[in-house]
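Dear colleague,

Please read them with the model open beside you.

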Amino acid sequence: MKANIAWQDGVSFLGQTESGHSVLMDGAPEAGGKNLGPRPMEMILMGLGGCTAFDVVLILRKARQAISHCSIEIDAQRADKDPKVFTRIHLHFIVTGQNLNPRQVERAISLSAEKYCSASLMLKATVAITHDYEIIAE
């Protein structure tokens with residue numbers, strides 16, 4: 001896997017992936033940015049969320065659960081001093097579908113966190129990651 005980061009202007013950087021996708025990252029105005037895109041640390045949270053959501057949806061589909069929607073609200077805390085690493089991340093899964101089995105939802109989230117999600121497994125070596133979920137019946 002490869003990526004390229006190119007400085008654009010101020011504290012704005014264009015990230016490009018080998019799969020052909022691009023994202024503009026920028027800083028807050030108080031840091032010299034123009035607020036044109038997400039911050040790099042926000043990208044880490046979105047990567048974590050996307051990685052685990054991918055797993056959860058796939059696992060629930062394989063378990064023949066009638067899932068129609070999955071979203072994750074992510075709440076993270078960072079250290080006060082540099083380096084301002086994440087110290088705590090909480091993932092709140094909201095899973096929607098028909099007759100979803102809570103045990104299957106919990107199992108899918110646990111399997112992602114403990115076995116499949118590369119981002120989660122990498123981050124949990126240094127960050128306390130917790131999760132919970134709610135099911136919305138259609």
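The largest pocket holds about 350 Å³ of space, where a pocket is an open set of points, on a 1 Å grid over the protein atoms alone, with protein on both sides within 12 Å along at least five of seven lines, and lining residues have an atom within 4 Å of a point. Its lining is made up of 15 residues, of which M1, K2, A3, Q16 and T17 are the closest to the centre. Two or more lining residues come from each of β1 (3–9), β2 (12–17) and β3 (22–25), with strands taken as DSSP runs of E of at least two residues and helices as runs of H or I of at least four, numbered from the N terminus. By class, this lining has six nonpolar, seven polar and two charged residues, counting Ala, Val, Leu, Ile, Met, Phe, Trp, Tyr, Cys and Pro as nonpolar, Asp, Glu, Lys and Arg as charged, and the others, Gly among them, as polar.

This is a predicted model, in which local features need pLDDT of at least 70 and side-chain atom pairs count only at pLDDT 80 or more, while totals for chains, interfaces and linings use all residues. Residues are numbered from 1 along each chain as its sequence is written, and side-chain values use heavy atoms, with hydrogens and water left out.

The second largest pocket has a volume of about 250 Å³, a volume being the space filled by probe spheres set on the grid points, which are joined across faces, edges and corners. Helix α1 gives the most to its lining, with five residues, and the lining as a whole has seven nonpolar residues, one polar and no charged.

There is also one cavity of 30 Å³ or more, a cavity being a set of points where a 1.4 Å probe fits but cannot get out. The largest cavity contains about 50 Å³ of space and is lined by T52, L91, F93, I109, A113, S120, I129 and H131. Elements that supply two or more of these residues are β5 (86–98), α2 (102–116) and β6 (128–137).

Finally, S112 lies in helix α2 and is buried, with a relative accessible area of 0% (buried means under 20%, with a 1.4 Å probe and protein chains only). The side chains of S112 and D55 are joined by a polar contact of 3.0 Å (a pair of N or O atoms within 3.5 Å, one able to donate a hydrogen and the other to accept it, where residues adjacent in sequence count only if both atoms are side-chain atoms).

With best wishes

Definitions and conventions. Buried < 20%, exposed > 50% of the residue type's maximum accessible area, 1.4 Å probe, protein only.
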